[in-house]
Structure formats: structure tokens, C-alpha cells
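This briefing is intended to be read alongside the sequence and the model.

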Amino acid sequence: MAMQEEMRQTALELTGDELLVAQDLKKYFPVTRGIVFQKEVASVKAVDGVSFALHEGETLGVVGESGCGKSTMARCIMKLLEPTGGKITFRGQDITKLSRAEMRPFRREMMMIFQDPYASLNPRKRVGFIVAEALQVHKLGTDAEIKRRVQELLEVVGLNPEHYNRFPHEFSGGQRQRIGVARALAVNPKLIVCDEPVSALDVSVQAQILNLLKDLQRDFNLTYIFIAHDLNVVRHISDRVMVMYLGQVVETADRNSLYQEPKHPYTGALLSAVPVPDPTVGRGRKRIVLEGDVPSPMNPPSACRFHPRCPRFVEGRCDVEEPALINRGGPASHTAKCHFPLERWPLTEAEMRTAGTAGTTETAA
Amino acid sequence: MALLEVNDLKTYFRTDDGVVRAVDGVSFSVDKGQTLGIVGESGSGKSVTCLTIMGLNSKRSAISSGSALWKGEDLLTANPRRLREIRGSEIAMIFQDPMTSLNPVHKIGDQLSEAMRLHEDVSRKQARARAVELLKAVGIPRPDRRLDDYPHQFSGGMRQRVMIAMSLINNPDLLIADEPTTALDVTTQAQILTLIERLQEEFGSAVIMITHDLGVVAEIADDVVVMYAAEVAEKGHVEQIFKKPHHPYTWGLMGSLPRLDADVERLVQIQGQPPSMLRPPTGCRFHPRCPYVMPICKEVDPELTAVSDDPGHLQACHLDEETKDREAAKLLAGMMSGQTAS
């Protein structure tokens, strides 16, 4: 166990100029029984030992199925949830244990864009107020200055500044998400955590928001953590991608490396499951269909958590020994948490299944 | 004769704000064993089209015209009893949201066997046996024990599979799937699509797949209808639509899709928002968002016409074919060049 702990740590090489570092981040939600004397009977390990480093101006994409802990991780980083364990460093400062008041100056530096543009804007407040709220909380300027700034922001995100006094219901989904973006930008943050910002939008509007986010990143040197379950979208916007499964990182790599040479069978299965909008390509290839559902994070499978669904499962290895998240071939920054990484990509279904044995001899040699 | 032939279908809803033209002159047909994909953004009328065919619109507010011939019998004028006979046995529908389409207070097994017992004279025991068989077919582990579970004991993907099992219980000739995978993860989506394909092979049913995901359409559809603002913008065989798209809206949809196999710095975006169907734009309904708009587009609504030297490919746009061929080629070349660049 101690060795694994060490490996997790060493996998993260820090240079000191990272904007954000998360080390062995954990968030457990207690499961209680009883009404008066609540007894903790179990815990849901929503995030279980996630580490990553993020440089300024970079976009980190986070993908995984629903329930894999992506959003919980984001909320821990934002300190909207208190992490159970681990350490979060923002600009070299440990923010894990800061109180609400101590956290306030940091809140200006990190903002969030939420998934549902219909639920994340207060329907009773005018757009001007919604965007200005953060400015007022942080006392950034007089009322007149704030108003000018808000109008400027609305223009930046492609809305009419005249719409300052409108209510959220007067806008369409895409426009609302633009309001969400303007609100996040208001205090000039360094880091924006985007939690599925486009999954509720139609494709044509989704493209508008993705382009907007890219433009803003270029203009304001923003850093994004971009959470999505759509692998196409993540690929489009990210520099680095992290694949999560049941609260853990199973693979992380530069975008091209990850999409061209996935190492973890789970990443492979995800990639093969994405429909390709090209009838000739799409029908020629074979989907790797994962059996069953994501297991409950209350009682995760032993060792490698992916083993009950893995096409390359090797009994006696995968269910006994937990693989470390280390380099498994390819560029040094490409790490995967698997004993039997994929040799190449794409693989046929047979190779996907049988290569497990080939992998054993390889590691033995 | 086609299994289902929809001609000039129109559905208008009376609302307090005026008449919403949800479907405005849609025609298509589906043959036995075929898969028809209907693509479009939310509000384009895809779902209402299918609800109208099934006779599931509210009688109070909806007015429909045109025809929907099911094996020669018009569903729009069929009496409610006949419709009930057809629904669930000959035509089945899978709804978008697996979380709300199952009744939360009844056991899965009861809901499944009800669907069967309504249409066929079978005993409870037989219906139950058939339910087990289907749950097994859709890949639910230990089906005989899961029959006595309630919907909340199933995950989203499993509930959607239960819905599919329910829709297949009477071996329908046509399965209408309204965004069956939209609420699901890619891995579950792959399971469901594989399942629908397999069942189609096995039972020879026709499928109408409603989706906004061009990827899904490219993978499973034979024919494609692209809908925009209650009208058909383009339709044809899947190869025609993807290899030689002829409508600026289809180009926009394809260009705005980030893809795994191509690298583009900026996505092509369609400007603006889909129009309100209370007051649809004059002329071509896409003209306020169209980059190729010409004066005629604002005046005259283009007819759905055949593309010359491409039989079966219909499109509704005023642009001349030369420009279209050029632009379509440019769009596809852009994707290809991205492919090589990556």
C-alpha cells in the first residue's frame, strides 16, 4: 500500500510553476443509518486519490461515465466541498485547509461554469445583477464602474449589452450559457472549471460556446478544467486529458497521445463507443461493448476497479494487485493504470481480449 | 408498398400565444427491415412527427392534417380503439427519458407483462416467461429475479433496456426510438445501439431513430431525414447525406460537430438560434441563420426537390447546384485535411 502511495506521488513531477496541483485528493461521503444516533455504516468513495498538475493557459479535459466522480472532484477543487483527504495547491499555496474567509481572495481566481443553463441562473434576478454579483461581493469598483464592466462582459461573450435588465427566461439555452460564462469571467479569474458546459445544448449552439471558450482562453490566458462525457468535445478543447473511472484516474496523457494511442482498455472502450459521423468509417469498425454497469462506489471492486468489466481481465492479477498510474509506453507524460496496457490502437476485438495473455509474457520478459 | 408512408404531415398546436406549427408538411416512408434516422435540433419537430403518427398528441390542442399510411391504413383517421390495437403491438415506441417513462410504483415484471397481456390472450405465467426472455435478450443479468424489482432499483442504462424490452414484447413491425441514447453515457449508448441493431436483424423490424447526434445516424440509419424548423431540409440515403450534403443547414450541423478523427482549430458555427415556431421566418426558414442567404430566400419557401444525377436525394434550398457541390466538397475536404494534419 505504501509503495502504491509513493508511486502516485512520484507520477506527479512538479516544477513549481503550476497554477493548480491536486495531490491524492479524496472525497468520501458517509452513508449513515439510524435517525437519532446516526451511525456511519459505509462511505461512498466518490473521489479516491486523484492527482494532477495544471499549468497556466492549459486546458485539462476530464472524461468518464456518470458517477465516476468528475463533478465531485471539480467541486472539491473549488472548495465547494470539503475534501476528505489530499492536498490542493493553488499558485504554490496550500488551500486545502483554508476557512471560508481565508478562501475568499482565492475565489476571485477560480470560477465555475455549470452544466444546466436553466438551473444555474437565478430566475428572479436580472442578468445585470447575476453577472455583477461577484464584482460586488469582492467590492471591485463603484456601482457605475461595475455596470460598465458588466456591459463590457456581455459584449465579450456575444450578448447585447442592452439586455442588462432582462431576466434569464428571456434568453435561449445558448444565450444563458453565455451569461454563465460572463459571470465566470467577471472577476478576471485565472482558472475556470467548466462542468459539462455544453452537454445541455444543441450541436449548433454547442459549437458557438466551444468557440467562445477557446477565444476567451486566447484573449485572457485562461486555464480550464473542462469536464464532459462527450469525448469529441473534450478532444476539441483540451491540451491534456484525464480519464476517470470510479473515483480514480485510469489514464492521463496529452490529447493527441491519448486519442491516438490509448493505453487503458477503458479508454479504448470509450473511444470505440463514440459514434463517428461518417457512414463508411462508422460501420466498418467494431464497437467494444463493455458489459454491465459502473459498479457502486460504495463497494468498489478489489485491486483494479475496472476488472469486472475489462475485456483483458486476467484472473489472479487484476483482481489481486492494484496497478499503478505510471508510464506504459509512449511519451513520458502518458500514464495508465493497467497491468496489460493496449499495445497499439486500434485493436480488433480479438486482440483486445486475447492480448491480456500476450501482455503477461511481455511483462514477464 | 412501404410499411409506413407519411405524406405532407402537419401538426399545429393551439397555445395562448398563437398557433405553433410544430410539424409543417413532412413526408417520408419506411420499408420493412429498414432504419430511418430523423435528425434535427430540439424544437425541429422530430418528436411531434412521431407522436402524431402514434396518435399521442393531446386532442384538445393539436390539429393534424396529411396522412400516415400504416400498411395502407391511415393512422390519422383511425378510431381510438384501432389505434390502441396498433400501438404497442404493431408499432412500439421507446421514449427519450428512461427515468420517467416507467411507472415507479409497479414492478418491472408487471409492467412488461401488462404490455403483452393487453394485446394478446396469454396467461400471466406465459407473459412472465416472455418478459424474462426479453430481459435476457436486452442483457439484464438474472432476469427472473429482477422481474420483481421496481424501476428505482435499476440504473439509467438498465431502465432504458427495460423500455426496449417492453417495446419489443409483441414483436412490433416498427420501432420508433425517440432519442433512446441521449441521456446515457457513450458506453451504455454503444450497448443500446448494438442491441437495437441485433434485435432488428433477428426480428426484421423497421426502426425510426430520432436523434440529434449525426454520429448515431451515420452508424445505424439507412435513410436520413434532416429536419429544420418543422420542415424537411434534406433527405436521402445515409451515404448521400454524409458524402454529398446539399443543404447549408446540414453543412452547419456537420461542421459544428467536434470529431475524433479530425483536427480543427475552430468549429463551423451556425449563427443565431433556432426560430420560434409561433412566428417562423418567411421564405426559407433557415435564411436568418444561413451564410449563403440570397434575396429569394427571404421571399420564397424552397420546395423539396430532387438533386439532379443523385436519385433519391431530396433537398430544399435555392442555391444552385454548382455552388452546393463546391461548398460540400470544401466542407468535406476541410474535415479530411484535418484528418491528415492530426
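A residue counts as buried if 20 or more other C-beta atoms lie within 10 Å of its own. The model discussed here is predicted.

**A buried helix in chain A**
- In α2(A), the buried residues are A:K70, A:S71, A:T72, A:M73, A:A74, A:C76 and A:I77.
- Helix α2 of chain A (residues 70–77) is largely enclosed by the rest of the structure, because seven of its eight residues are buried.
- A:K79, which follows α2(A), has a positive phi, near 60°.

**Helix packing in chain B**
- Helix α3 (residues 108–117) and helix α6 (residues 156–168) of chain B pack with their axes 8 Å apart, at an angle of about 25°.
- Since angles under 35 degrees count as roughly parallel, α3(B) is therefore roughly parallel to α6(B).
- The crossing of α3(B) past α6(B) is right-handed.
- B:I108, B:Q111, B:L112 and B:A115 of α3(B) make the contact with B:V162, B:A165 and B:M166 of α6(B).

**Domain contact in chain B**
- The domain assignment of chain B gives domain 1 (4–225) and domain 2 (238–341).
- The C-alpha centres of these two domains of chain B lie 29 Å apart.
- In chain B, 15 residues of domain 1 are in contact with 10 residues of domain 2.
- On the side of domain 1 of chain B that touches domain 2, β2 (18–30), α8 (214–220) and β9 (223–228) each give two or more residues.
- β2(B) supplies the largest share of that side, four residues.
- By class, the residues of that side of domain 1 of chain B are seven nonpolar, three polar and five charged.

Conventions:
Residues numbered from 1 in each chain as written. Chains lettered and ligands numbered in written order. Predicted model: local features only at pLDDT ≥ 70, side-chain atom pairs only at ≥ 80, totals over all residues. Domains from an automatic or database assignment. Contact = placed C-beta atoms within 7 Å. Nonpolar A, V, L, I, M, F, W, Y, C, P; charged D, E, K, R; others polar. Buried ≥ 20, exposed ≤ 12 C-beta atoms within 10 Å, placed from the backbone. Axes fitted to C-alpha atoms, helices over the stretch in contact; angles between N-to-C directions. Parallel < 35°, antiparallel > 145°, perpendicular 65-115°, else oblique. Left-handed = near helix turned anticlockwise from the far one by under 90°.
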